[in-house]
Each structure stands twice: as C-alpha cells, then as structure tokens.
Amino acid sequence: MTEKEAKGKEMELYKKALEKWGNAAQKLMMIEEMSELTKELCKTFREFKGNIPAICEELADVDIMLMQMKYIFPEWKYHKIRKLERLEGALKK
Ligand SMILES: [Mg+2]
C-alpha cells in the first residue's frame, strides 16, 4: 500500500466513524480524549517524567479525534494558514 493509499484509507475510516456515531458523539469523544491527554501531560510535572507510553497512546487518540473534527470543520485550514503566518512573524522579532 502506498502512502497516498494509506492516507485515503485513514480518511475513509474517519468518515465512517462520523457516519456511524454522528458529529455530536464524536465531538464529545474529542473532549474526553483531550482530557485524557491533559491528565497524562500533567503527570509529567508531578512525576517528573510521566508515563511515556500512556502519553503516546493519548496523543494517538487525540490525533484520531482531531482528524474527525477537521472533517466536520473544514474551515480550520484557513485559520491555520493565518496563525502560521502570525507565528512566523513572532519568530522574526
Ligand atoms: Mg484515550
């Protein structure tokens, strides 16, 4: 499978998940996964290094949900372009 085919298959999974469970349920799942990642990242300050496998697992969960959010809200791309330009400007100062 080529990288392009793999990406197409991945996008198809996100679309099917949204069709199966609906936008509202997936938005709630996004919130849940973000909170799980938040918790794992907070532990890195309390326990000095945290649980790296747990952080990586939650990052993967958040990434999967984020991709579905991008499917629901495609306008995010325009905001990203603007914000990257702003970041670039800030880094030049
Ligand atoms: Mg999770």
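Analyst: A residue is buried if 20 or more other C-beta atoms lie within 10 Å of its own, exposed if 12 or fewer, and partly exposed in between, with C-beta atoms placed from the backbone. Residues are numbered from 1 along each chain as its sequence is written. The model is predicted: local features need pLDDT of at least 70, side-chain atom pairs count only at pLDDT 80 or more, and totals for chains, interfaces and linings use all residues.

User: What makes H1 hardly covered?

Analyst: H1 has 19 residues, and the count of buried ones among them is zero. Helices here are DSSP runs (H or I, at least four residues; strands are E, at least two), numbered from the N terminus.

User: How do you know that the length of H1 agrees with a helix of 19 residues?

Analyst: H1 runs over residues 3–21. The expected span is 1.5 Å times one less than the number of residues. For H1 that comes to 27 Å, and the end C-alpha atoms are 27 Å apart, so the two agree. Just after H1, Gly22 takes a positive phi of about 90 degrees.

User: Why does Arg86 count as exposed?

Analyst: Arg86 is found in H4. Arg86 has 10 C-beta neighbours inside 10 Å, so it counts as exposed.

User: Why are Lys43 and Leu41 called partly exposed?

Analyst: Both residues are placed in H2, Lys43 and Leu41. Lys43 has 15 other C-beta atoms within 10 Å, so it is partly exposed. Leu41 has 13, so it too is partly exposed. Lys43 and Met69 are 26 residues apart in sequence and 26 Å apart in space, C-alpha to C-alpha. The C-alpha atoms of Leu41 and Phe73 are separated by 26 Å, with the two residues 32 apart along the chain.

User: What makes H2 roughly antiparallel to H3?

Analyst: H2 is residues 23–46 and H3 is residues 52–72; their axes come within 9 Å and cross at roughly 150 degrees. Axes are fitted to C-alpha atoms over the stretch in contact, and angles run from 0 to 180 degrees between N-to-C directions. Angles under 35 degrees are roughly parallel, over 145 roughly antiparallel, 65 to 115 roughly perpendicular, the rest oblique. That makes H2 roughly antiparallel to H3.

User: Which residues make the contact of H2 with H3?

Analyst: On the H2 side they are Asn23, Gln26, Met29, Met30, Glu33, Met34, Glu36, Leu37, Glu40 and Leu41. They meet Ala54, Ile55, Glu58, Leu59, Asp61, Val62, Met65, Gln68, Met69 and Ile72 in H3. Contact requires C-beta atoms, placed from the backbone, within 7 Å. By class, twelve are nonpolar, three polar and five charged (Ala, Val, Leu, Ile, Met, Phe, Trp, Tyr, Cys and Pro are nonpolar; Asp, Glu, Lys and Arg charged; the others, Gly among them, polar).

User: Why are H1 and H3 called roughly perpendicular?

Analyst: Their axes come within 9 Å and cross at roughly 75 degrees. H1 and H3 are therefore roughly perpendicular to each other. Tyr14, Lys15, Ala17 and Leu18 in H1 meet Met67, Gln68, Tyr71 and Ile72 in H3. The classes are six nonpolar, one polar and one charged.

User: How do you know that H1 is roughly perpendicular to H2?

Analyst: H1 and H2 pack at about 115 degrees, with their axes 6 Å apart. That makes H1 roughly perpendicular to H2. Ala17, Leu18 and Trp21 of H1 and Asn23, Ala25 and Gln26 of H2 make the contact. Four of these residues are nonpolar, two polar and none charged.

Note on methods:
Two residues are in contact if their C-beta atoms, placed from the backbone, lie within 7 Å.
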